[in-house]
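Open the model in your viewer and keep the selection tool at hand. This tour goes stop by stop, saying what to pick and what is there.

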Amino acid sequence: MESPVLKEFVEEVDEILQDLEQGILQLEGQPKKKSLVDRIFRNMHTIKGGAGMVMQTELADYAHKFENLLDRVRSGEIICTPEMATLLLDALDGLNSFMDRIRGTGDLNQELIDRTLKQIGVFESDETPAAGASDQQKSEQKPQQDQASAEDSVQDQETAAPKSEEQSAWDDEEEDEKGYLLNLKFSSEMLRNGSDPLLLINELNEIGDLTLFPHLNTVPELKSLEPEELHLWWSGKLVTGKSAEELENILVFYQGDNADVNYEPVEAPPEDPGLASTGLVSRQQATHSSADGPTEKQIKTEDGTEPFEEKALEKTEEKPQAEQAKASEEINKTGEMKKTVEQSEIPAKSPSKTPQNEPVFQTVQSIRVAVEKLDKLQNLVGETVINQSRLHQLSGQIMSVDESLGEMLSQFVEDNEKSVRELQDQILQVRMIPVGSIFTPMRRTVRDFANRNKKKINLEIEGGETELDKTVTEQLHGPLVHLVRNSMDHGIEDPETRKKNGKDSTGTILLKASQQEGYVIVEIEDDGGGIDPKAVFDSAVSKELISPSDELTELEIYQMLFLPGFTTATEVSDVSGRGVGMDSVKRDIEALLGTIEISSTLGKGTNVKLKLPLTLAIIEGMMIEVGSQVFTVPLLSVNEAIRPLPKQVKKLKRKGELVEIRGEFIPLLRLHERLSLKPRFEEPTEGLVLVVQHANRKQCLLVDEIVDQRPVVIKSLEDNFIQIPGIAGATILGDGRVSFILDVPSLLN
Amino acid sequence: MGSVNLSDEEMEEMNLELTHNEGAQLITFILGEEKYGLDILAVRELISYPEGLTQIPGMPDFIVGMFNLRGLVIPVMDLRKKFGMASEELHEYSVIIIVQVEEKNIGLIVDSVADVIFVKEEDIQETTEMAVQVDTKFIKGVAKTKDEMVILMDIDHLLSKSQFESLMDTENG
């Protein structure tokens, strides 16, 4: 692993393997999607090539064998059956095993390698591979050949019944994405009418991959700018799975007398939509002005007046062969005619072999940076932030000695503050990665579990693009695996039970991420059997955690699932149910300064909701003073601060003290006692009471006073030799002193 | 180095270092009556006693607090207190040796730093049976130089996790 080339190879292959896994899993669901096979093939090819370069010949050979297999899938010779998908996934494990050996983290699983290579033979030697798959495949292939130049094949039936010609054995033409050039010149009155170009742009963004360029040339100078008019126009490209009709249906609302809102399908979306679209304008004009050729006229009327359903119908009725013939015939005509043909063909989903639109590769320039370097950079920025606040204090001191000098310094410090904040924001941005990076590997986990346990489980992912700090994302992985396993094992019932209960035999687990007020919410939801609150309650009683007479809300009952050693699972399985899970999940989430909540409906399913901060590096802090020391409380935990009246403070026998706030009794903790410090105020009626909350529990903390409130850079104490109970970390104050950040969850216990 | 005039003695020492790569370079410091040595590779830097040490709640008394070293939060241990010696008033000449073990940092307060020396392996005697003030568990051995004896401190043991955990257990019940 010393060689940098090898190291780079390992890093690259690690990424490819992840992509490969996702590709294979998707292919299993859509075995006839050509772009997927292409992607998998390409990945395998890259591994082979790379392995050859770094002299890993065994690995290169191995990848080569699978590349060959995939090549045959690609050419349509064989179809990817579930068996083949399993083999490909095993091969993936095989590749991983090679990588382990290269990394030096494990031995080569020779048994797996041999087995998978042998299994290739099954697909290689035999046209019709083993078992039930063969029949299915025969029946799929034969008709395809028979009907190669078949009768009316209505495109929509292609997925349902495999009777299309062999050349269009792929679904891609059906589902694959198409490119459109867009030209959005809205009416300048648009904003006055209460409409907004953003509405359309957002809508387009949702249905596909949108790249727009604003054109500023029509914006007048500031003095003559009419603020209520729209001066901008946009052009660009949209790559979407939607048909032209669907697109037209969206755009139609924005078209009008003064507006020029149109689109044009393109064969391959241009590299630079900004430039190409200027060409589009002129081409459009040309099309409008020249009116020779019957086909073009027809198209124009269709585009303009005829209902779109009718148009689609007409197109699908056409025989593919006839259409191809027509196309080739017309290609021989003028170039302008050719464009028109394209225009007519794409909405009709041309069944030609080569996909109309290869996936667009956007070239975003990027470099690979070790996280370690980012960490260092972030630490440096953190120091700069601290120095900045020290400078701020200093300028105040200088001001009292020399006012004009102090004024100058203070001005400079304020200017610098902006750059520092920007720097801080940017470095945080750089560290953000989509949470999907830990969601997608779950597909494999779910698939393997479902196969092994004879369950049918479908994993859905929403909001995978939501971004979280890399560290948070990584540390979330463990708890997430745990929760998904819980859902699969205890949540989703077996297919028979599900059917009996009137549910779809396939269970669904939903992984969902979304952003909410500076937090990221991650939900793990299943439509399984749910958790019976009564069973939890009884179990807690039998474990003597609560007394049978205790009255608890449902939320509180579910919260007990997080107590160490708590489980309601009647049998222990190999993946979960040992009762050591949920409390460690909770600990992990709290280590990320997050919270976890369970809600469940018996028979309907369970929802676990994680609330996580965007980053662990910086929090909004409230500085409080106890004695001579300043502590920091995460502002998000603070509800309010009050100075209670004597009658609000109640003492309970052996149960401590309570503070009554608006009818609610909240336990009081004298922080100085907990921290063994000598405070300025011993009594809550003299000092200040901070009401903090974690999850649904509240606590009053007696402090001397609040001194400040600002964002603080968190310094982990794990890098030191000591763990301090009740302290989550440390930060550095403006005067350079260290201040401890209170660990609110642990103060509640 | 070219312009520096080295005495014969220093030259000899340098030659010793160059020719004998089996041995260790030590930083020596004074604590009470004795001279101690620490492997120089474990030492990150030396600083004078900082202002504004933050006390750590619930810690044994020899952990005197934490301070900010250019953005790093570093705990400070008073070795006199740790070894049960009479505690001295800390002043501006008190020195903190910042040691780094396994990526973790800690500051050790000593009376003063003496020297950097090189000791050959054969001069190191790995014994723990000595009449010293310090608890012998924290002693790795003794190194003999020309005219004195340096006690080698076992920094790994001094800062081992179990040390801290056991201490914290006794402190916090």
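This is a predicted model: local features need pLDDT of at least 70, side-chain atom pairs count only at pLDDT 80 or more; totals for chains, interfaces and linings use all residues.

**Stop 1: chain B**

Select chain B. Chain B has 173 residues, and 27% of them count as buried. Look for four helices and 11 strands. Now consider contacts in chain B between residues at least 6 apart in sequence: 53% of these join residues at least 24 apart.

**Stop 2: the open sheet of chain B**

Stay in chain B and pick out six strands, which form an open sheet in the order 8-1-2-11-10-9. The pairing in this sheet is mixed. Which strands stand at the edges? They are strand 8 (112–120) and strand 9 (124–125) of chain B. Each has a single partner strand, so one side of each is left without a neighbour in the sheet.

Next, select residues 23–31 and 34–39 of chain B. These are strand 1 and strand 2, and they pair in the antiparallel sense over six bridges. Zoom in on B:Leu31, whose bridge partner in strand 2 is B:Glu34. In general, strands of a sheet pair through backbone hydrogen bonds, either parallel or antiparallel.

**Stop 3: where the chains touch**

Show both chains. The contact takes 22 residues from chain A and 23 residues from chain B. On the chain B side, select strand 4 (63–69), strand 5 (72–78), strand 7 (104–110) and helix 4 (161–172); each supplies at least two residues. Strand 4 of chain B gives the largest share of that side, four residues. Colour the chain B side by residue class: 12 residues are nonpolar, eight are polar and three are charged.

**Stop 4: the nonpolar cores**

In soluble globular proteins, nonpolar side chains tend to be buried together. Here the largest nonpolar core has 116 residues. Select A:Val633, A:Leu701, A:Leu742, B:Leu38, B:Leu108 and B:Met153, the residues with the most contacts inside this core. Then highlight helix 19 (residues 470–491) of chain A, which gives the most to the core, with six residues.

Centre on B:Met153. Which residues is B:Met153 in contact with, leaving aside neighbours within four places in sequence? They are B:Tyr36, B:Gly37, B:Leu38, B:Phe138, B:Ile139, B:Lys140 and B:Leu158.

A second, separate core has 32 residues. To find this second core, select A:Ala51, A:Ala63, A:Ile78 and A:Leu87, which are among its members.

**Stop 5: strand 19 of chain A**

Move to residues 697–703 of chain A, which make up strand 19. Is this strand largely enclosed or left open? Five of its seven residues are buried, so strand 19 is largely enclosed by the rest of the structure.

Strand 17 (residues 664–670) of chain A pairs with strand 19 in the parallel sense over three bridges. Strand 18 (residues 688–694) of chain A pairs with strand 19 in the antiparallel sense, over seven bridges. Click on A:Leu702 in strand 19: A:Leu702 is the bridge partner of A:Arg670, and A:Val689 also stands opposite A:Leu702.

Strands 18 and 19 of chain A form a hairpin with two residues between them. In the turn, A:Ala695 has a positive phi of about 50°.

**Stop 6: A:Gln18**

Finish in helix 1 (residues 4–29) of chain A, where A:Gln18 is found. A:Gln18 has 16 C-beta neighbours inside 10 Å, so it counts as partly exposed. A:Gln18 and A:Ser437 are 419 residues apart along the chain, yet their C-alpha atoms are separated by 9.3 Å.

Technical notes: Residues are numbered from 1 along each chain as its sequence is written. Chains are lettered from A and ligands numbered from 1 in the order in which they are written. A residue is buried if 20 or more other C-beta atoms lie within 10 Å of its own, exposed if 12 or fewer, and partly exposed in between; C-beta atoms are placed from the backbone. Two strands pair if DSSP finds at least two bridges between them. Two residues are in contact if their C-beta atoms, placed from the backbone, lie within 7 Å. Ala, Val, Leu, Ile, Met, Phe, Trp, Tyr, Cys and Pro count as nonpolar, Asp, Glu, Lys and Arg as charged, and the others, Gly among them, as polar. A nonpolar core is a set of buried Ala, Val, Leu, Ile, Met, Phe, Trp, Tyr and Cys residues joined through C-beta atoms within 7 Å.
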